[in-house]
Amino acid sequence: MPAVISGADPGSIACQLGFKKGDILVSINGYEITDVIDYMYYSECETLEIKALCGGQAVEFDIEKDACEPLGLNFETYLIDSQRSCKNKCIFCFIDQLPKGMRETLYFKDDDTRLSFLQGNYVTLTNMKDKDIDRIIYYHLSPINISVHTTNPELRKMMLHNNKAGNIMERMKKLADAGIELHLQVVLCKGINDGEELDRTIRDITELYPSARSMSVVPIGLTKYRDGLFKQEPFTKEDSEKVLDQIEEWQKKNLEKFGSRIVYAADEFYLKAEREIPEPECYEDFQQFENGVGMLSLFKSEFYELLP
């Protein structure tokens, strides 16, 4: 879809050139602008040759500017084109468990690596062709957040209900070899990808270190709106204790071998197990903070600092 302009920042280069709402950015330095990543990458150059449609007329601009000085264009949609939606039918999908009648945006399942790079969303890499992986590498879109869940190809196909989901290690290795920083997550399902399967996943992930910087393990979230969905059981106190023992054992091994724990349990497991939340230093640089990992530790630490 065309890069339709919604306006220009006041005082910006684009504003001075006279760009208006409804104009279309066609190309920069000969490269077609198909999404926001194209725009961000090519507009950083010091010398720009811009082709556009302004008022329906083809125009060209030759610009010289400071490196990384923003051009100042805004577009009708954040990504310029449409978001990529998830085609999987994951057995743990939380959106499938939402009640009816809520706002429409809550039911959209995104699976877009551009949003992973720009906003930290997690993606499965299942809706991508090899050229899409190459594009991540070409633009060096790093870091990328990836929903792994398991590195067992057949089990991953089953969990995501997608026969194209089994090449996760191959794709992550290609990204890692290209220097793309990866932050990963596992939604743990009782009796499915836990136990020995979790050991396998962690073992495989550590082979990608240091590109694979961190991995969170979070328990499946279950609601009462699960009619017709894959049967799942919540983690009990005893289950959570076993998961924590397993992860903490891996943390010890990884810390000794790599100098980093790499894998972290979600705070919810500590609450379910009724265990003390680890100290902040146990979460290193809090790479999985927004995934519910280490939040309670940090909040507890800040709370105690406020005490007289």
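**From spaces to helices**

Modeller: The largest cavity has a lining made of Asp 35, Arg 84, Thr 113, Arg 114, Met 128, Asp 132, Arg 135, Ile 136 and Leu 141, where a lining residue is one that has an atom within 4 Å of a grid point. The model is a predicted one, in which local features need pLDDT of at least 70 and side-chain atom pairs count only at pLDDT 80 or more, while totals for chains, interfaces and linings use all residues. Residues are numbered from 1 along each chain as its sequence is written, and side-chain values use heavy atoms, with hydrogens and water left out.

Biologist: Why is this space called a cavity, and how much space lies in it?

Modeller: It is called a cavity because, on a 1 Å grid over the protein atoms alone, a 1.4 Å probe fits at its points but cannot get out. The largest cavity holds about 70 Å³ of space, a volume being the space filled by probe spheres set on points that are joined across faces, edges and corners. When the whole structure is searched, one cavity of 30 Å³ or more is found.

Biologist: Which helices supply the lining of the largest cavity, and into which classes do the residues of that lining divide?

Modeller: At least two residues come from each of α3 (113–119) and α4 (130–139), and α4 gives the most, with three residues. The lining of the cavity divides into three nonpolar, one polar and five charged residues, where Asp, Glu, Lys and Arg count as charged, Ala, Val, Leu, Ile, Met, Phe, Trp, Tyr, Cys and Pro as nonpolar, and the others, Gly among them, as polar.

Biologist: What makes a space a pocket instead, and what volume does the largest pocket have?

Modeller: A pocket is an open set of points with protein on both sides within 12 Å along at least five of seven lines. The largest pocket has a volume of about 640 Å³, and of the 24 residues that line it, Phe 92, Cys 93, Phe 94, Ser 147 and Gln 185 are the closest to its centre. The strands β7 (122–123), β9 (182–188) and β10 each supply at least two residues of this lining, which by class has 13 nonpolar, eight polar and three charged residues.

Biologist: Which residues lie nearest the centre of the second largest pocket?

Modeller: They are Gly 120, Tyr 122, Asn 145, Gln 287 and Glu 290, out of 16 residues that line the second largest pocket, whose volume is about 270 Å³. Here α3 gives the most to the lining, with three residues, and the lining divides into six nonpolar, nine polar and one charged.

Biologist: Why are α7 and α8 described as roughly parallel?

Modeller: The axes of α7 (residues 196–206) and α8 (residues 237–258) cross at roughly 20 degrees and come within 11 Å; axes are lines fitted to C-alpha atoms over the stretch in contact, with angles from 0 to 180 degrees between N-to-C directions. Angles under 35 degrees count as roughly parallel, over 145 as roughly antiparallel, 65 to 115 as roughly perpendicular and the rest as oblique, and α7 and α8 are therefore roughly parallel to each other.

Biologist: Which residues of α7 meet which residues of α8?

Modeller: Leu 198, Asp 199, Ile 202, Arg 203 and Thr 206 of α7 meet Gln 246, Trp 250, Asn 254 and Phe 258 of α8, contact being heavy atoms within 4.5 Å. By class, this contact of α7 with α8 has four nonpolar, three polar and two charged residues.

Biologist: How do you know that α4 is roughly parallel to α6?

Modeller: The helices α4 and α6 (residues 168–177) pack at an angle of about 25 degrees, with their axes 10 Å apart, and that angle makes α4 roughly parallel to α6. In this contact, Asp 130, Ile 133, Asp 134, Ile 136 and Ile 137 of α4 meet Arg 171, Lys 174 and Leu 175 of α6, and the residues divide into four nonpolar, no polar and four charged.

Biologist: Where is Pro 143 found, and what kind of peptide bond joins Ser 142 and Pro 143?

Modeller: Pro 143 lies in the loop between α4 and β8 (144–147), and the bond that joins Ser 142 to Pro 143 is cis, with omega about 5 degrees.

Terms used. Helices (H or I, at least four residues) and strands (E, at least two) are DSSP runs, numbered from the N terminus.
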